[in-house]
Every structure is written in structure tokens, then in C-alpha cells.
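Dear colleague,

I am passing on the structure we spoke of, and below it you will find what turned up when I went through it. Please read the notes with the coordinates open beside you.

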Amino acid sequence: MTNKTIAFIGLGTMGFPMAGHLATAGFNVVVYNRTTATAERWLGTYPGKLALTPAEAAQEADVVLTCVGNDNDIREVYCGEQGILSTIRPGTLLVDHTTASADVAREMAEAAKSASATFIDAPVSGGEAGAVNGCLTIMVGGSEGAFQSAQPIFNTYAKASTLMGDVGFGQITKMANQICITGILQGLSEAITLAKAAGLDIEKMTNVLKHGAAGSWQMENRAVTMAEDKFDFGFAIDWMRKDLAICFDAADKLSVPLPLARQVDAEYAKLQDRGFNRADTSVLIKQFDK
């Protein structure tokens, strides 16, 4: 499949290395980024071509991948005057890796259908390190056929991909992922604060607890750094609050209460007010600063 042309739109923290894995694997990659300098920097590192609009990137592509900021960005790159859908050929596979709403995924699927193309939502988990190391987890909503067609692409930057159901179900799964993370980080923040106050060795504690029922990725990778007041790991609380707003909107429509997630979101809002906007989500522990 490496003779296929892949358009990659959105070279942010995640998209930059993901597109790089595709180029390294031998795909013909055409990149577009709103800030052209970022696309030029990507081309200084990887082989490929530069497009100046999403439409230009998509016009010769067999598969179009998008990884942008939010619902409005998705609508713009797909349906705008210079959007993807204005130039794609019938049969093109469209894959959106943005963390966004299930509603916008369904909108884009309908729009793609009108252009004789196929759309799947495929948000990712694993953070910047997962993207750089090619070990992301992908949650997919769409048809079995489209999911299977995307496998050679996903395999270049993911360790696992799972079809969760129809279009939109990938995004619902990502919402569940973010809700779980908030709860784990709140519990971990409280546990570390208690342990530090008692004089416990946090690294030793982590090495014991990670093998039992309390074990988690967050504990194994963030407990010690949280105790050391280190929070520069890529996934900023600004982004988490954007994701949680999507969760709350979906929950309201489904009449589902999310009390702990809302509590954590409120703490993140206070941390933003204190200037921690770009700090990693594990900065949640600083809610207990005296």
C-alpha cells in the first residue's frame, strides 16, 4: 500500500510525528498545516510534498488524514471553500484523528457520503510520546471495510487500533478515556499528597503499588514526577479542558452526570488562572498547594 498517496492535514504536537512515520514507512505524503512554516520544518525532516490548502493536499490523495484542534477546525478543513471535500476523488478514505464530538464526526460522514467518499473517526490516545514512538492507541468509529483499509496506515504509528462501532463511537470511546484519566489523576494527586505529608518515599511507594489493583499508566509514568513538581510532558490542561467540554456536552445530551470529572475540571480552571495552562495534566496535584 506504500504506493498510495496520503494527505496529512494538521502538523501539531501529534500530527507532526504521525505524518513522519508515514513518510518513513515509504508512503507518498502530502502535508498541509495552517502555519506554513511548520509544514516546511516537517519537510526539512521527512520526504514529502507541501500543499498550501486542504483542497490541494487532498486532490490527488487516496487517503486523507486530519488531526486538527476542534469541531470548528474540522468543519473548516473538510467543508470550507478550500476544504478537502471540494477536491477529493470518489472512493477516497477520510480519517479524522482529532479529539472532537461524535456529532461532528457524524456530520462529516454524511458530507463525505455526498462526495462518494468514506469517513471514519479515529481519535488517538498515548500523548506526544506515543506519537513520537509510534505506539498510539486508536479508537475507531465507522465501517468494517474502511477500518480494514486503514490498517496499513495505522500500523505505522499505533500499537493498537480497535473498531468501536458506527461513526461517532471512536469519539465516545475517547471521551470515556479522558474521563478515566481525570479520575485517576485526582486519586493519584490525593495519594501522593498524603504520602509526602507522612514522609513516604514516593518512588518506593510507586514501585509497590503499580503491581497491584491501584496500578495505572499515570501512576507508573507520572507519580514520581508529580512528587518532584515536574509537569512538562506535552498534554496541557488547556487541551484536557477542551476535551472535557466535549464530554460534558455529550453527557448533558444523554442525561448522564459526571460529578468527578466536573470537579476535576473546576480544579483545572483554577490552575489555569494560576498560569498553568500549558502544564501537563498531572499538575492537578498542585490543587493541594498551601
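A residue is called buried when its relative accessible area is under 20%, exposed when over 50%, and partly exposed in between. Please bear in mind throughout that this is a predicted model.

On that scale E107, with a relative accessible area of 35%, is partly exposed, and so is R75, at 29%. The side chains of these two residues meet in a salt bridge, with 2.8 Å from N to O, and the pair joins distant parts of the chain, since E107 belongs to helix α5 (residues 102–114) and R75 to helix α4 (residues 71–79), 32 residues apart. In all, the structure holds 17 salt bridges.

Another of them is formed by K253 and D103, whose closest N and O atoms are 2.4 Å apart; here the link runs between helix α11 and helix α5, across 150 residues. K253 is exposed, because its relative accessible area is 52%, whereas D103, at 33%, counts as partly exposed. Both residues also belong to a network of salt bridges that includes R106 and D249.

Helix α11 itself covers residues 237–254, and its 18 residues should span 26 Å at 1.5 Å a residue, which agrees with the 25 Å between its end C-alpha atoms. Its buried residues, among them I237, L244, F248 and A251, pack against α8 (169–197) and α12 (259–273). D243 is also buried, because its relative accessibility is 4%, and its side chain meets that of K242 in a salt bridge of 3.0 Å, N to O; K242, at 26%, is partly exposed. The ring of F248 has the charged end of R262 over it, 4.4 Å from the ring centre. After the helix comes S255, with a positive phi near 55 degrees.

As for the aromatic rings, a search of the whole structure finds four pairs. One of them, W42 with Y46, is tilted, at 5.2 Å centre to centre and 40 degrees between the planes.

Key
Residues numbered from 1 in each chain as written. Predicted model: local features only at pLDDT ≥ 70, side-chain atom pairs only at ≥ 80, totals over all residues. Heavy atoms only, no water. Helix = DSSP H or I, 4+ residues; strand = E, 2+ residues; numbered from the N terminus. Expected span 1.5 Å × (residues − 1). Buried < 20%, exposed > 50% of the residue type's maximum accessible area, 1.4 Å probe, protein only. Contact = heavy atoms within 4.5 Å. Phe/Tyr/Trp six-rings, centres within 6.5 Å; stacked < 30°, edge-to-face > 60°. Lys NZ or Arg CZ within 6 Å of the ring centre and 35° of its normal. Salt bridge = Lys/Arg side-chain N within 4 Å of Asp/Glu carboxyl O.
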